[in-house]
Amino acid sequence: MHYESYVTVESRVCHGVRFRVRRLSLARRMELVRFIRETGEKLAFHMAGDSVIDAACAAEIRARMDALYIRWGLEEISGITIDGEPTTLENLLERGPDSLAREIVETIKGELFLDEDERKN
């Protein structure tokens with residue numbers, strides 16, 4: 001058996017861009033849970049609120065969680081430069097296309113929540 005600890009994806013939203021994300025393992029699961037536990041608790045608190053401030057706080061926390069997922073799960077990206085520079089985690093998050101960042105987050109989440117049979121297909 002040969003197992004790849006990552007999956008490479010051709011972007012659907014940015015032609016010519018490829019990115020590689022981590023697959024879940026026991027150690028990676030523990031690491032991710034540690035990263036998102038506190039942030040997720042804050043998100044749940046603000047989502048329960050009815051005020052505009054709660055809604056704004058919840059949106060900010062969701063964006064922070066997306067950045068956490070990208071920092072945790074994105075291993076490599078190619079086929080894109082940002083402002084003439086090679087793409088890094090930081091410039092992707094700060095100045096990269098939002099649609100690409102969202103696609104990467106959804107890919108990472110998809111890897112987290114699929115069972116082994118679904119991942120093989």
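A pocket is here an open set of grid points with protein on both sides within 12 Å along at least five of seven lines, and its volume is the space filled by probe spheres set on those points. In the present model, which is predicted, the largest pocket holds about 210 Å³ of space. Its lining comprises Ala63, Asp66, Ala67, Ile70, Leu92, Leu93, Gly96, Asp98, Ala101, Arg102 and Val105, and helices α2, α3 and α4 each contribute at least two residues to that lining.

Of its 121 residues, 35% count as buried. Among the contacts between residues at least 6 apart in sequence, 55% join residues that are at least 24 apart.

Three of the strands form an open sheet in the order β1-β2-β3, with antiparallel pairing. Strands β1 (6–10) and β3 (74–78) are the edge strands, each of them pairing on one side only, and the twist from one strand to the next averages 15°. The antiparallel pairing of β1 with β2 (residues 18–22) extends over five bridges, and within this pairing Val7 has Val21 of β2 as its bridge partner. Two helices pack on the sheet. Helix α2 (residues 52–73) touches β2 and β3, and its direction makes about 85° with that of β3, whereas helix α4 (residues 98–113) touches β1, β2 and β3, with its direction at about 35° to that of β2. Both α2 and α4 also take part in lining the largest pocket, as does α3.

The structure holds eleven salt bridges. In general, side chains of opposite charge can pair when their charged atoms come close. One of these pairs joins Glu111 to Arg23, with an N to O distance of 3.6 Å. Because Glu111 belongs to helix α4 and Arg23 to the loop between β2 and α1 (26–48), this pair ties together parts that are 88 residues apart in sequence. Both partners fall under the 20% limit of relative accessible area that defines a buried residue, since the value is 9% for Glu111 and 17% for Arg23.

A second pair links Arg95 and Glu85, whose side chains meet at 3.0 Å, N to O. Elsewhere, salt bridges that share partners join Arg20, Glu75 and Glu76 into one network.

A further salt bridge is formed between Glu31 and Arg22, for which the closest N and O atoms are 3.3 Å apart. Glu31 is partly exposed, its relative accessible area being 25%, and Arg22 is also partly exposed, at 23%.

Key
Residues numbered from 1 in each chain as written. Predicted model: local features only at pLDDT ≥ 70, side-chain atom pairs only at ≥ 80, totals over all residues. Heavy atoms only, no water. Pairing = 2+ DSSP bridges. Helix = DSSP H or I, 4+ residues; strand = E, 2+ residues; numbered from the N terminus. Axes fitted to C-alpha atoms, helices over the stretch in contact; angles between N-to-C directions. Contact = heavy atoms within 4.5 Å. Salt bridge = Lys/Arg side-chain N within 4 Å of Asp/Glu carboxyl O. Buried < 20%, exposed > 50% of the residue type's maximum accessible area, 1.4 Å probe, protein only. 1 Å grid on protein atoms, 1.4 Å probe; cavity = no way out; pocket = protein on both sides within 12 Å on 5 of 7 lines; lining within 4 Å.
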